[in-house]
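Trainee: Can we go through this model together? I would like to start with the metal site.

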Amino acid sequence: MAGQIPLVDYLVLDDGEPHLVAHECTQCGARFFDRRNACASCFATEFKTVPVATEGTVRAFTIVTFAAPGIPTPFVAAVVDCGGTQVRANLINVEPDPEHVRDGMKVRLATCSVGADAEGTEAIGFGFEPAA
Ligand SMILES: [Zn+2]
């Protein structure tokens with residue numbers, strides 16, 4: 001077993017259930033997934049790492065039918081509200097059409113393998129799937 005590595009550094013796989021973590025501004029509470037030197041809202045420079053809820057609600061989505069070569073289409077790019085944190089991610093395990101995807105639908109975090117290297121180390125990405 002060569003193990004698994006997360007595709008992005010804000011996806012945590014080795015601490016209980018898979019979940020996302022965000023950098024939260026200690027001044028105003030704004031959350032960011034990328035590393036920042038200063039908060040975009042208040043320009044404070046102190047951040048703490050916080051776990052993000054794994055269940056959320058679709059706030060907006062786009063069904064993408066054209067993408068770079070090698071990327072299967074169509075797929076659904078969405079903004080998911082996870083307990084107040086806005087997460088940009090693809091919806092997975094759902095038919096990518098307007099009959100199956102709608103604003104306000106309940107979704108939950110899901111991980112998926114996006115490939116493995118020669119040693120068998122698996123890269124793990126994430127998306128959101130409909131919550132049962
Ligand atoms: Zn701030």
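Trainee: How are the donor residues of the zinc ion spaced in sequence?
Mentor: The spacing is C-x2-C-x10-C-x2-C. Before going on: this is a predicted model, where local features need pLDDT of at least 70 and side-chain atom pairs count only at pLDDT 80 or more, while totals for chains, interfaces and linings use all residues. Residues are numbered from 1 along each chain as its sequence is written, and side-chain values use heavy atoms, with hydrogens and water left out.

Trainee: Which atoms are the protein donors of the zinc ion?
Mentor: They are Cys25 (SG), Cys28 (SG), Cys39 (SG) and Cys42 (SG), lying 2.3 Å from the zinc ion. Donors are N, O and S atoms within 2.8 Å of the metal (3.2 Å for Na, K and Ca), and sites may look incomplete because water is not among the atoms.

Trainee: And what is the geometry of the zinc site?
Mentor: Tetrahedral, with angles of 101 to 114° among the 4 donor atoms. Four donors get that label if all angles lie between 85 and 135 degrees. The ideal angle for four tetrahedral donors is 109.5 degrees.

Trainee: Where in the chain do Cys28 and Cys42 sit?
Mentor: Cys28 is in the loop between E3 and E4, and Cys42 is in the loop between E4 and E5, 14 residues apart. Strands (E, at least two residues) are DSSP runs, numbered from the N terminus. Cys28 is partly exposed at a relative accessible area of 41%, and Cys42 is partly exposed at 31%. Buried means under 20% relative accessible area, exposed over 50%, and partly exposed in between (1.4 Å probe, protein chains only).

Trainee: Now E3 itself. How many of the residues of strand E3 are buried?
Mentor: 7 of the 7 residues, 19-25, are buried, so strand E3 is largely enclosed by the rest of the structure. His19, Val21, His23 and Cys25 point one way, and Leu20, Ala22 and Glu24 the other.

Trainee: What does E3 pair with, for instance over 6 bridges?
Mentor: That is strand E5 (residues 47-52), running antiparallel to E3, and Ala22 stands opposite Val50 there. Strand E2 (residues 11-12) is also antiparallel to E3, joined by 2 bridges, with Leu11 partnered by Leu20. Strand E4 (residues 31-32) pairs with E3 in the antiparallel sense over 2 bridges, and Glu24 has Arg31 as its bridge partner. Two strands pair if DSSP finds at least two bridges between them.

Trainee: Which residue in the turn of the E3 and E4 hairpin has a positive phi?
Mentor: Gly29, at about 85°, in a hairpin with 5 residues between the strands. In the hairpin of E2 and E3, with 6 residues between the strands, Gly16 takes a positive phi near 75°.

Trainee: Switching to charges: how many salt bridges does the structure hold?
Mentor: 6. A salt bridge is a side-chain nitrogen of Lys or Arg within 4 Å of a carboxyl oxygen of Asp or Glu. One of them joins Lys48 and Glu24, with the closest N and O atoms 3.7 Å apart. Lys48 lies in strand E5 and Glu24 in strand E3, so the pair ties together parts that are 24 residues apart in sequence.

Trainee: What about Glu24, buried or exposed?
Mentor: Glu24 counts as buried, at 13% relative accessibility, whereas Lys48 is partly exposed at 43%. Glu24, Arg31 and Lys48 are linked in a network of salt bridges.

Trainee: And what does Asp9 form a salt bridge with?
Mentor: Arg35, with the closest N and O atoms 3.5 Å apart. Asp9 is exposed at 53% relative accessibility, and Arg35 is exposed at 63%.

Trainee: Last topic, the rings. How many aromatic pairs are there?
Mentor: The count is 4 aromatic pairs. Rings of Phe, Tyr and Trp (its six-membered ring) pair if their centres lie within 6.5 Å; planes under 30 degrees apart count as stacked, over 60 as edge-to-face and the rest as tilted. Tyr10 and Phe126 have ring centres 6.0 Å apart and planes at 75°, so the pair is edge-to-face. Both Tyr10 and Phe126 are buried.

Trainee: Which residues form the aromatic cluster?
Mentor: Tyr10, Phe33, Phe126 and Phe128.

Terms used. Helix = DSSP H or I, 4+ residues; strand = E, 2+ residues; numbered from the N terminus. Tetrahedral: all angles 85-135°; square planar, octahedral: opposite > 155°, others 65-115°.
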